[in-house]
Amino acid sequence: MSRPDLSQTIKSLVSPSLSEPKPRIEGRITRLIGLTIEAVGLQVAVGDNCLIILSATHEIEAEVVGFSGDRIYLMPLHAVEGLSAGAKVVPLRAGRDVPVGFGLLGRVLNGVGEPLDGKGPLDCQQSTTLAGEVINPLSRFPIVNTLDVGIKAINALLTVGKGQRLGLFAGSGVGKSVLLGMMTRATEADITIVGLIGERGREVKEFIDHNLGAEGLARSVVVASPADDSPLMRLRASQLATRIAEYFRAQGKNVLLLMDSLTRYAQAQREIALAIGEPPATKGYPPSVFAKLPKIVERAGNDATGEGSITAFYTVLTEGDDQQDPVADAARAILDGHIVLSRRLAEQGHYPAIDVEASISRAMPQIVTQEHMAAAMRFKQLFSKFQQNEDLIAVGAYVRGSDPTTDFAIERMPTMQQFLQQGLHDAYDVDGSLKMLTMALQPSEPPR
């Protein structure tokens, strides 16, 4: 036998045939503590998916969220029932693709892209990963155009631009979700993406039926992960809503992204981080929470061409109405503005309960005229002047003529308060809001 023939024979003996199936790698469960499942015998990376086999007919999906030595930490997507020590774990392919396309319009999905509305399978031919492309900050198209959100107080005093990211800050029961619903119906957008993250399950159907309606749902995609879902599912639902918005932005659409709430997203990450042993840093929140927030918020905004945009509104729950809550403070720093809702105003029946003194739109000076900006600043000055002297005015200790600005604020306050209030089903465009603002600042005619 010649030397080349001998070499080929040796190769055929030591090399497995390409047609032979690869051996199936299986790990096993060794421990379950709280939300975390520990497994050994696997070679997987953080972010990979695994399948836990509980019985011949019962399997659950889990994601690798950490490791320590040869131990792998898994977080299940669904509730774990019937799990026992030694259960088999099989690695799946890395990540999980989610469906995208115009077939999503009018549908309600869960955090992994599965339909919840009972309308059958999704009519989508494309799929993508949850991770979106990072846009170079120097390539982003600037915010130059105003966006009509239908709320006169916001249109006139806190004007929003296409591609802007704002937060709605308030405690529980002050009207965040109601205000979000009002903007959903009135905002000019090609497509609306709604992420209902960690809220009451009852609110999902109410939001779809009362806030969106049949017409609004037809141009919307709803991603819902209520409070009883696993923290991993809530985390994925937030990422999925953002990823779908990115897809439509890439198609040149102006997208409105509403996420209720960013706080529940942060709390889901906190649950996962604490479960795998990450130490808490600020009021029980681990450092990874504050690293995750900008990653999801920065994915919204304008694209590089200016043809597509994602204007995002994130509700932020301030626990105990504390505006210095760690999540609220971190969100305020990375958003392009914040709208603060006041419990005091809500208790007075003043809706929407927008605290104009504590709210700001950072993009407003670049997208409105100088006359509009001057009128908004004048309104805030008068409103603030009245608030400073409210106690003196209430007890009759303020003497008319002491300060001309305060005198004018007292005169115009009823009209200004009326301007700030709005009915649940009313909508005002930007031009109409500006005209009403100008009228609210005009002095009354002296009696003849």
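**Burial and salt bridges**

Me: Why is Glu203 called buried?

Reply: Glu203 has a relative accessible area of 15%, and buried means under 20%, exposed over 50% and partly exposed in between (1.4 Å probe, protein chains only). Glu203 is therefore buried. The model is a predicted one, in which local features need pLDDT of at least 70 and side-chain atom pairs count only at pLDDT 80 or more, while totals for chains, interfaces and linings use all residues. Residues are numbered from 1 along each chain as its sequence is written, and side-chain values use heavy atoms, leaving out hydrogens and water.

Me: What makes Glu203 and Arg200 a salt bridge?

Reply: The term asks for a side-chain nitrogen of Lys or Arg within 4 Å of a carboxyl oxygen of Asp or Glu. Here the N to O distance is 2.4 Å, so the pair qualifies. Arg200, at 48% relative accessibility, is partly exposed.

Me: How do you know that Glu206 and Arg202 are separated by about one helical turn?

Reply: They are four residues apart in helix α4 (residues 201–218), a helix being a DSSP run of H or I with at least four residues and a strand a run of E with at least two, numbered from the N terminus. Glu206 at 32% and Arg202 at 47% both count as partly exposed.

Me: What parts does the salt bridge of Asp336 and Arg165 tie together?

Reply: The side chains meet at 3.1 Å, N to O. Asp336 lies in the loop between α8 (326–334) and β18 (337–340) and Arg165 in strand β12 (residues 165–170), so the parts joined are 171 residues apart in sequence. Both residues are buried.

Me: How many salt bridges does the rule give?

Reply: The count is 17.
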